[in-house]
Amino acid sequence: MPGALRGPSDYSQEPTRHPSLRINAKEPFNAEPTRRDLVASYITPVDLFLKRNHGPIPILDDIDSYYVTVDGLIDRPAKLTLDDIKKLPKYNVTATLQCAGNRRTEMSKSRKVRGVGWDVCALGNATWAGAKLSDVLQLIGMPYHTEITPSGGKHVEFTSVDQCPEENGGPYKASIPLGHATNPAADVLVAYEMNGEVLKRDHGYPLRVVVPGVIGARSVKWLDRIDIISEECQGFFMQKDYKMFPPSVDWDNIMWSTRKPQMDYPVQSAICSLEDTNAIIPGEVTVTGYALSGGGRGIERVEISIDGGKSWFGASRYQKEGVPYIAGDIRSDKWAWVLFKTVVDVKDDMEIVVKAVDSSANVQPESVETIWNLRGILNTCWHRVRLLTIHNLRSLL
């Protein structure tokens with residue numbers, strides 16, 4: 001749509017960001033909140049939500065000229081305006097979006113990896129509002145639960161307008177299987193609101209895709225096109241990034257085509273009330289953080305250890321205030337993180353460890369070495385923080 005939504009070639013018109021964000025890269029802008037800010041509330045404030053970008057932030061010059069092209073292996077291509085999308089039933093979906101590179105900095109301490117260095121806060125939980133993608137596709141004659149179109153379409157590709165160096169200046173793009181896109185229960189949204197407000201530029205204004213339960217790389221912002229295609233998207237971020245390789249693969253022997261693009265994310269948890277190393281006065285210490293799993297799987301347990309993993313005890317889990325959290329319960333948000341809390345009595349130096357177990361009994365691995373990969377994605381090993389008591393620190397001085 002020439003002149004309506006465009007991706008600038010430089011960073012001279014970037015939006016203002018919250019001063020408390022930890023900036024991991026300035027151009028393109030990539031930043032995360034502090035640990036304590038992240039878990040201060042179940043719903044992440046928009047200004048503190050993860051900022052993940054691959055180029056300058058797009059600019060919308062004229063909302064009345066904006067439309068999304070729906071095309072590809074279909075019989076009824078269309079150009080849909082924002083008003084067309086808003087005429088469809090509006091759904092609110094609370095979902096956590098997590099960058100696949102979350103906790104990359106920790107993984108790089110084991111062996112060097114490539115990518116933006118993220119602490120444990122490359123994620124956020126928001127209530128997204130918009131039309132279900134399954135309803136958008138119904139507008140062009142595609143029934144719910146369609147796996148393949150008569151013309152051979154099996155995937156839905158989303159294309160943005162930003163200018164990405166990895167795409168040689170072209171736009172970011174990604175795809176999901178058609179059966180996923182046309183399943184109303186998957187809650188895939190073409191979203192225009194975040195936490196009850198119109199999307200901000202950093203988060204995809206005027207329209208973005210939200211694919212719950214899947215790594216954030218598939219939730220394309222600044223939506224320009226939706227295309228029904230026969231094979232997976234062939235863009236850089238589907239074919240040469242965000243794939244999980246074993247520790248034996250390095251940049252000399254990697255064969256990108258041997259792995260499928262990552263979709264669901266594994267079970268994950270992290271402590272956010274403490275930094276990696278902390279000076280503590282002996283006594284009770286409150287430990288809080290988050291846990292989540294992909295694919296709509298709930299969190300069955302969050303376990304804490306203060307003896308290196310020899311023994312464990314459970315932390316309390318919660319989402320919405322006043323509503324007990326039960327994994328899989330209709331009152332729980334299936335696509336959202338769970339926050340946890342416990343109290344530890346600190347008498348001496350110690351290491352606190354957290355791990356989560358999801359509703360399919362998937363458990364976080366103990367060691368980062370077993371899941372190390374050259375791009376530093378999906379670091380889901382046990383999260384550890386060290387506590388050094390003040391009296392022991394004084395004895396060292």
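One note before we start: the model is predicted.

Let's begin with the layout. On the domain 1 side, 48 residues make contact, and they meet 40 residues of domain 2.

How much area is buried between domain 1 and domain 2? About 3,800 Å². Carbon and sulfur atoms give 57% of that. Three residues stand out on the domain 1 side: Arg 35, Tyr 42 and Met 107. Together they supply 21% of the area domain 1 buries against domain 2, more than any other three residues.

Now the polar side. Between the two domains, 27 residue pairs are in polar contact. Four elements of domain 1 each bring at least two residues to the side touching domain 2: helix H1, strand S7, helix H3 and strand S8. S7 gives the largest share, with 5 residues. By class, that side of domain 1 has 23 nonpolar, 11 polar and 14 charged residues.

On to salt bridges. The count for the model is 25.

Arg 35 sits in helix H1, while Glu 275 sits in the loop between strands S15 and S16. Is Arg 35 buried or exposed? Buried, at 1% relative accessible area. Glu 275 is partly exposed, at 31%. Both belong to a salt-bridge network, along with Arg 22, Lys 109, Asp 119 and Asp 276.

Next, Arg 375 and Asp 241. Their side chains meet at 2.7 Å, N to O. Arg 375 is in the loop between S22 and S23, and Asp 241 is in the loop between H6 and S15, so this pair ties together parts 134 residues apart in sequence. Arg 375 is buried, at 10%. Asp 241 is buried too, at 4%.

For contrast, look at Asp 345 and Lys 347. Their salt bridge is also listed at 2.7 Å, N to O. Here Asp 345 is partly exposed, at 41%. Lys 347 is exposed, because its relative accessibility is 59% and the cut-off is over 50%.

Last stop: Pro 150. You will find it in the loop between helix H4 and strand S9. Pro 150 is exposed, at 84% relative accessibility. Its C-alpha lies 43 Å from that of Glu 27.

Note on methods
Residues are numbered from 1 along each chain as its sequence is written. This is a predicted model: local features need pLDDT of at least 70, side-chain atom pairs count only at pLDDT 80 or more; totals for chains, interfaces and linings use all residues. Side-chain values use heavy atoms; hydrogens and water are left out. Contact means heavy atoms within 4.5 Å. Buried area is the accessible area (1.4 Å probe) that two parts lose on being put together, summed over both. A salt bridge is a side-chain nitrogen of Lys or Arg within 4 Å of a carboxyl oxygen of Asp or Glu. A polar contact is a pair of N or O atoms within 3.5 Å; within protein, one must be able to donate a hydrogen and the other to accept it, and residues adjacent in sequence count only if both atoms are side-chain atoms. Ala, Val, Leu, Ile, Met, Phe, Trp, Tyr, Cys and Pro count as nonpolar, Asp, Glu, Lys and Arg as charged, and the others, Gly among them, as polar. Buried means under 20% relative accessible area, exposed over 50%, partly exposed in between (1.4 Å probe, protein chains only).
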